Amino acid sequence: MKIEKTKETRKNSIDFSNLGFGKYFSDHMLIMDYKKSGWEEAKILPYQPINLEPANITLHYGQCIFEGQKAFKGSDGKVRLFRLDSHYKRLINSSKRMFIPETPEEPYKEAFIKLIDIDRDFIPSELGTSLYIRPLIIGMDNTLGLKVSDTYRLMVITSPVSSYYEEGLNPIRIEVTTEYSRVVKGGLGNVKAAANYAASLYATQMAKIRGFSQVLWLDGKEHKYVDEVGTMNIMFVIDGTLVTPSLEDGTILPGITRDSVLKIARDWGWPVEERRIAFNEVIDAYKRGVLEEVFGTGTAAVISPVGELYYNGESMIVNEGKIGEKSQKLYDTITGIQHGKIEDKFGWITIIDD
Ligand SMILES: Cc1ncc(COP(=O)(O)O)c(C=O)c1O
């Protein structure tokens, strides 16, 4: 692996007391190129712009996938990566669906861990903060013909962050859209492809203009069943049961936080249901007074309580707009495991030694 270290650190330009999300980048990045002969050796280089021709195929046709994962620094000073394997596996699944050659596991993981190690000083240690890690793969051919690319570039960049939403752990307001569709069955919903986010931008921006943080997407065909939020999976606590859309239809991202929450909840003996949820059922639960909690799950947002669901001109205020007991317990447990305060009994943590 080639490693070229930066001459001047970017660290001094970062306001660690006000990180926000995705505003600052660490000193180094990882690059792996795919050419005719296969994946080349990984390189760690100073964070820098990349050269793209205007004819770059991804700029036109969007053959781009990515991941979003995190590293944490505990009060013991150790660096912990959360669910490295699951994120690698999802990257491979996304690659397959977008006809991108599979990234070889060992050299990728080795270079990935090296990158985090080199920039370990960028990892904040306060609870609620982390190093967000963004691997991405783009097609690199220069052509205007619509086709899959023959060449690719994988990059990994990292960014010290605090909470994703300005609200932090305070409940967010969400607009349920019945007007727009983001994905349909057979589409890219279960893939972390840039195209899904392009399809979500307009409705999300309109919702933001109206004062909401995000959109809750219903199924793309009938706008009847719950899919997910633009950046998170969605969970409901209805009459004591944790209910979330199943992965069966392939229209939602198989979220790794979703999976972590389900494993923890089942381990605690909570009643859990993964199934199709008609939005009418949510309305009905609200009217009966048994819609106890609603929250989103995601790497960036961790557990994000939803205080309001706005649907067809009416507001449903959940748990008086406050974070619920179950949401708080899940947040504390997941962040506790990530920071090394709670035992990692599921084997989710990779410690990066000094
Ligand atoms: C559309 C969408 N759904 C769900 C999630 C949550 O997935 P994860 O928990 O793996 O971050 C994300 C974020 O990555 C997302 O972008």
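Here is a friendly conversation about the predicted model shown above.

Colleague: How are residues numbered, and what pLDDT do local features need?
Modeller: Residues are counted from 1 along each chain as its sequence is written. This is a predicted model, in which totals for chains, interfaces and linings use all residues, side-chain atom pairs count only at pLDDT 80 or more, and local features need pLDDT of at least 70.

Colleague: How far apart are the end C-alpha atoms of helix α5, residues 256–267?
Modeller: Helices (H or I, at least four residues) and strands (E, at least two) are DSSP runs, numbered from the N terminus. The expected span of a helix is 1.5 Å times one less than its number of residues. For the twelve residues of α5 that gives 16 Å, and the end C-alpha atoms agree, being apart by 16 Å.

Colleague: Which residues of α5 are buried?
Modeller: A residue is buried if 20 or more other C-beta atoms lie within 10 Å of its own, exposed if 12 or fewer, and partly exposed in between, with C-beta atoms placed from the backbone. In α5 the buried residues are Ile256, Thr257, Arg258, Ser260, Val261 and Ala265.

Colleague: Which element gives the largest share of the shell around the ligand?
Modeller: The ligand has 13 residues around it, and Gly255, Ile256, Thr257, Gly298 and Thr299 come nearest; here a residue is near if its C-beta atom, placed from the backbone, lies within 6 Å. Both α5 and β16 (291–298) supply at least two residues of this shell. The largest share, three residues, comes from α5.

Colleague: Which residue of β14 is the bridge partner of Phe236?
Modeller: Two strands pair if DSSP finds at least two bridges between them. Strands β13 (residues 233–238) and β14 (residues 241–244) have three bridges and pair in the antiparallel sense. Within β14, the partner of Phe236 is Val243.

Colleague: What is the handedness of the crossover from β14 to β15?
Modeller: Strand β15 (residues 272–274) runs parallel to β14, joined by three bridges, and Leu242 stands opposite Val272. The chain passes from β14 through α5 to β15. A crossover is right-handed if, with the strands pointing away from the viewer, the path from the first strand over the helix to the second runs clockwise. This β-α-β crossover is right-handed.

Colleague: How many residues of strand β9 (residues 152–161) are buried?
Modeller: Strand β9 pairs antiparallel with β2 (residues 28–35) over five bridges, and with β8 (residues 130–139), also antiparallel, over ten bridges. The strand is largely enclosed by the rest of the structure, because the buried residues among its ten number seven.

Colleague: What separates the C-alpha atoms of Thr58 and Asp141?
Modeller: Thr58 belongs to helix α1 (residues 57–61). Leaving aside neighbours within four places in sequence, Thr58 is in contact (C-beta atoms, placed from the backbone, within 7 Å) with Gln63, Cys64, Ile138 and Gly139. Thr58 and Asp141 are 83 residues apart along the chain, yet their C-alpha atoms are separated by 8.1 Å.

Colleague: Is Asn319 buried or exposed?
Modeller: Asn319 sits in the loop between β18 and α7 (325–338), with a positive phi near 50°. Most residues other than glycine have a negative phi. With 20 other C-beta atoms within 10 Å, Asn319 is buried.

Colleague: And is Asn312 buried or exposed?
Modeller: Asn312 lies in the loop between β17 (302–311) and β18 (314–317). Its phi is also positive, near 50°. With 8 other C-beta atoms within 10 Å, Asn312 is exposed.

Methods: Two residues are in contact if their C-beta atoms, placed from the backbone, lie within 7 Å.
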